[in-house]
Each structure stands twice: as structure tokens, then as C-alpha cells.
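Reader: I've got the sequence and the model open side by side. Can you walk me through some contacts?

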Amino acid sequence: MALVIRLRQQGRRNRQSFRIVVADRRSPRDGKYVENLGWYNPFEKEEEKTLNVKGERVQHWLEKGAQLTEKAECLIKRKAPEVIKAYKEKKNK
């Protein structure tokens, strides 16, 4: 089973929010997922209410072999840059 860390769309039309989840690569965008790793709400004004990421769980799944999508990597980098730094070093080896 190929796992990927990606965004899962939530909310209503023209007012989406997203969850950062670990899911099987073959499952649909809004389908079943393995674990919820955080959330992203682009419509909030306050930084604390915009993004929340569980850095230690992201690290755990990356060590298990999960891949990151570009958008998820960008969001995780904002809240947990040390996780992305370790991921890039491991990937370059």
C-alpha cells in the first residue's frame, strides 16, 4: 500500500477548509484516510487559526515511507520546518 500525505477537502462551496491526512495513493481526494495529521483553513485571519500540524506524527509517517505532495509539504514547512529538513536530507542520501 503506497501512502501519501496530502490535503483532503472539507467545507462548503467557495469556503473550503482542508485536512492534512495520510491516505492510500489510490483513494479519492475526499475518500477514506488512515490518520488525520492537522488542518488548514485559508479563510481565517489569525495565524493560529489558519494552520495546525502534528509534527511528530508527520515525522512518524515519513519514516514509514509515506510521500508528501507539494501543497502538503509547503504547509508542513510553515509549522514544522525541522521535519521537512530531515525529510529532504534523507531523500538526498
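**Salt bridges and helix packing**

Author: Let's start with a pair of side chains: Arg 78 and Glu 47 form a salt bridge, with 3.5 Å between the closest N and O atoms. A salt bridge here is a side-chain nitrogen of Lys or Arg within 4 Å of a carboxyl oxygen of Asp or Glu. Before we go on, this is a predicted model, where local features need pLDDT of at least 70 and side-chain atom pairs count only at pLDDT 80 or more, while totals for chains, interfaces and linings use all residues. Residues are numbered from 1 along each chain as its sequence is written, and side-chain values use heavy atoms, with hydrogens and water left out.

Reader: Is Arg 26 buried or exposed?

Author: Arg 26 pairs with Asp 24 in a salt bridge, the closest N and O atoms being 3.0 Å apart. Buried means under 20% relative accessible area, exposed over 50%, and partly exposed in between (1.4 Å probe, protein chains only). Asp 24 has 14%, so Asp 24 is buried. Arg 26 has 67% relative accessibility, so Arg 26 counts as exposed.

Reader: How many salt bridges does a search of the whole structure find?

Author: Among them is the pair of Lys 88 and Glu 73, whose side chains meet at 2.8 Å, N to O. This one also links distant parts of the chain, from Lys 88 in helix α4 (residues 81-92) to Glu 73 in helix α3, 15 residues apart. Lys 88 is partly exposed at 38%, whereas Glu 73 is buried at 16%. Searching the whole structure gives a total of six.

Reader: Are α3 and α4 parallel or oblique to each other?

Author: The axes are lines fitted to C-alpha atoms, for helices over the stretch in contact, and angles run from 0 to 180 degrees between N-to-C directions. For α3 and α4, the axes come within 6 Å and cross at roughly 125°. Angles under 35 degrees count as roughly parallel, over 145 as roughly antiparallel, 65 to 115 as roughly perpendicular and the rest as oblique. So α3 and α4 are oblique.

Reader: Which residues make the contact of α3 with α4?

Author: Contact means heavy atoms within 4.5 Å. Ala, Val, Leu, Ile, Met, Phe, Trp, Tyr, Cys and Pro count as nonpolar, Asp, Glu, Lys and Arg as charged, and the others, Gly among them, as polar. From α3 come Glu 73, Ile 76, Lys 77 and Lys 79, and from α4 come Pro 81, Ile 84 and Lys 88. The residues of this contact divide into three nonpolar, no polar and four charged.

Reader: At what angle do helix α2 and α4 pack?

Author: Helix α2 covers residues 55-63, and its axis is 10 Å from that of α4. The two count as roughly parallel. The packing angle is about 15°.

Reader: How do the residues of the contact of α2 with α4 divide?

Author: On the α2 side are Gly 55, Val 58, Gln 59, Leu 62 and Glu 63, and on the α4 side Val 83, Ala 86, Tyr 87 and Lys 90. These residues divide into five nonpolar, two polar and two charged.

Reader: Which residues is Leu 68 in contact with, leaving aside its neighbours within four places in sequence?

Author: Leu 68 is in strand β5 (residues 67-68). At 13% relative accessibility, this residue counts as buried. With neighbours within four places in sequence left aside, the partners of Leu 68 are Ile 5, Leu 62, Glu 73, Ile 76, Ile 84 and Tyr 87.

Reader: How far apart in space are Val 21 and Leu 37?

Author: Val 21 lies in strand β2 (residues 15-24) and is buried, with a relative accessible area of 2%. Leaving aside neighbours within four places in sequence, its contacts include Tyr 33, Glu 35 and Leu 37. Val 21 and Leu 37 are 16 residues apart in sequence, and their C-alpha to C-alpha separation is 5.3 Å.

Key:
Helix = DSSP H or I, 4+ residues; strand = E, 2+ residues; numbered from the N terminus.
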